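Please take a moment to look over the sequence and the model before reading on. The paragraphs below go through a few of its helices and the contacts among them.

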Amino acid sequence: MIVSDGRRDSDPAARSDRQNFWRRTASALVLAPLALLAAFVGGPVFALACAITAALVLWEWSVLVTRTADWRILTPGLVAMAAAGILSDLGLVGWAIAALALGALAAAGAMAVAKPAALAGPRGPLWAAAGVVYAGIILICPIVLRSDPKFGFAALSFLFATVWCTDIFAYLIGRSLGGPLLAPRVSPKKTWSGAVGGLVGGVVAGVLVAYASAGTHPVVAGVLALILSTAAQGGDLLESAVKRRFDAKDTSALIPGHGGVMDRVDGLLVAALVAVVIGAWRFGAASSAQGLLSW
C-alpha cells in the first residue's frame, strides 16, 4: 500500500503520519461541532467557551516560557481575562482591552520583581506580558464578532470555515505533494504546496459560507477569505517560531493529533483579530461582524 507522500505502509514515519491524521480527524469531529454549537447559542455560553479556551492557552504559554504553571503569569492574566470576558460580553470592548493591558503589565511587573535578571532573557517580563495579550485575543475577538445579533453567527461561521479548511487542506496537500519548505527555520514540515492548498481550500469554503449565511458578494468574500486564510497561516508560523525558541514540539498534549490548545487555535487567533479589525474599521467594534460581511 502506498501512502499519500509516496512512502510504503511498512515505513514507521508513514504509519505515524496516518495515525496522526486519524487522531486529528477524531479531535476535529468532536471539537468543531462543540465550537459551532457554542457560537450558535452565543451570549454567556459562548463567552464561557472563549474564556475556557483562553485560560488553557495562557496556561500552555506559561508552561512553554517558564517550564511551569507560573503564578506570575497566570494570576494577573486570568484575573484580567475574566474581567475582559465579562466586559466584552457586555459590549464594553474598550474597557475589555484596557483590562487586558493592565493584566499584561501586571504579569510583566510580577516577572520583573521576582526575577530581575530575566529582564532581557527569553523568559523575562516581555514574554509574560505577551502571553496575556496572546490569550486575550482568542477571548475578546470571537466575543466581539458574536455580539452582533444579526451577523454574529454568520461572521463566526465564515471565520471558522476559512481557518479550518485552510488548516485541513494545507495539511492534506502538503503531506501529499511535499516540495520546498515554506519556512524551514521556523517549521520543518510546512511546505509551499501546503500553503497554496490551504489558501485555495480556505477561500472556497469562506466564499460558500459567507454567501450562504450573509449574502456577501462572492468576489468580496473571496478577498476577505484570502486575507483571513493568509493571517491564519501566519498565526501558525508565529506559534511555531515561539515553540522553536523554547525548544518545544507541542504546547501540551491536551488535544490528540494537534498537541495543545495553542496548537489548535494559533491560526484562528490571528485571523479573528484581523476579522475584527476589518469589521471595526468599517462599522465600529460593536458592529464588526456586519462590517466584515456586509459590503
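Are helices α6 and α7 roughly parallel or roughly antiparallel to each other? In this predicted model, the axis of α6, which covers residues 152-177, and the axis of α7, which covers residues 192-214, come within 6 Å and cross at roughly 155°. Angles over 145 degrees count as roughly antiparallel, and α6 and α7 are therefore roughly antiparallel to each other. Their crossing is right-handed. On the α6 side, the residues that take part in the contact include Ala 154, Phe 158, Ala 161, Cys 165, Phe 169, Ile 173 and Leu 177, while those on the α7 side include Gly 194, Gly 197, Gly 198, Gly 201, Gly 202, Ala 205 and Gly 206. Sorted by class, the residues of this contact are twelve nonpolar and twelve polar, with no charged residues.

The axes of α3, residues 71-89, and α5 come within 10 Å and cross at roughly 20°. As angles under 35 degrees count as roughly parallel, α3 and α5 are therefore roughly parallel to each other, and the crossing of this pair is right-handed. Among the residues that meet here are Ile 73, Gly 77, Met 81 and Asp 89 in α3, and Val 132, Leu 139, Ile 140 and Ile 143 in α5. By class, the contact of α3 with α5 has nine nonpolar residues, four polar ones and one charged one.

A last stop is Ala 38, which lies in helix α1, residues 12-41. Is Ala 38 buried or exposed? Since buried means under 20% relative accessible area, Ala 38, at 10% relative accessibility, counts as buried. Leaving aside residues up to four places away in sequence, Ala 38 touches Phe 46 and Ala 49. The C-alpha atoms of Ala 38 and Phe 153 are separated by 9.9 Å, although these two residues are 115 residues apart along the chain.

Notes. Residues are numbered from 1 along each chain as its sequence is written. This is a predicted model: local features need pLDDT of at least 70, side-chain atom pairs count only at pLDDT 80 or more; totals for chains, interfaces and linings use all residues. Side-chain values use heavy atoms; hydrogens and water are left out. Axes are lines fitted to C-alpha atoms, for helices over the stretch in contact, and angles run from 0 to 180 degrees between N-to-C directions. Helices (H or I, at least four residues) and strands (E, at least two) are DSSP runs, numbered from the N terminus. Angles under 35 degrees count as roughly parallel, over 145 as roughly antiparallel, 65 to 115 as roughly perpendicular and the rest as oblique. A crossing is left-handed if the near helix is turned anticlockwise from the far one by less than a right angle, and right-handed if clockwise. Contact means heavy atoms within 4.5 Å. Ala, Val, Leu, Ile, Met, Phe, Trp, Tyr, Cys and Pro count as nonpolar, Asp, Glu, Lys and Arg as charged, and the others, Gly among them, as polar. Buried means under 20% relative accessible area, exposed over 50%, partly exposed in between (1.4 Å probe, protein chains only).
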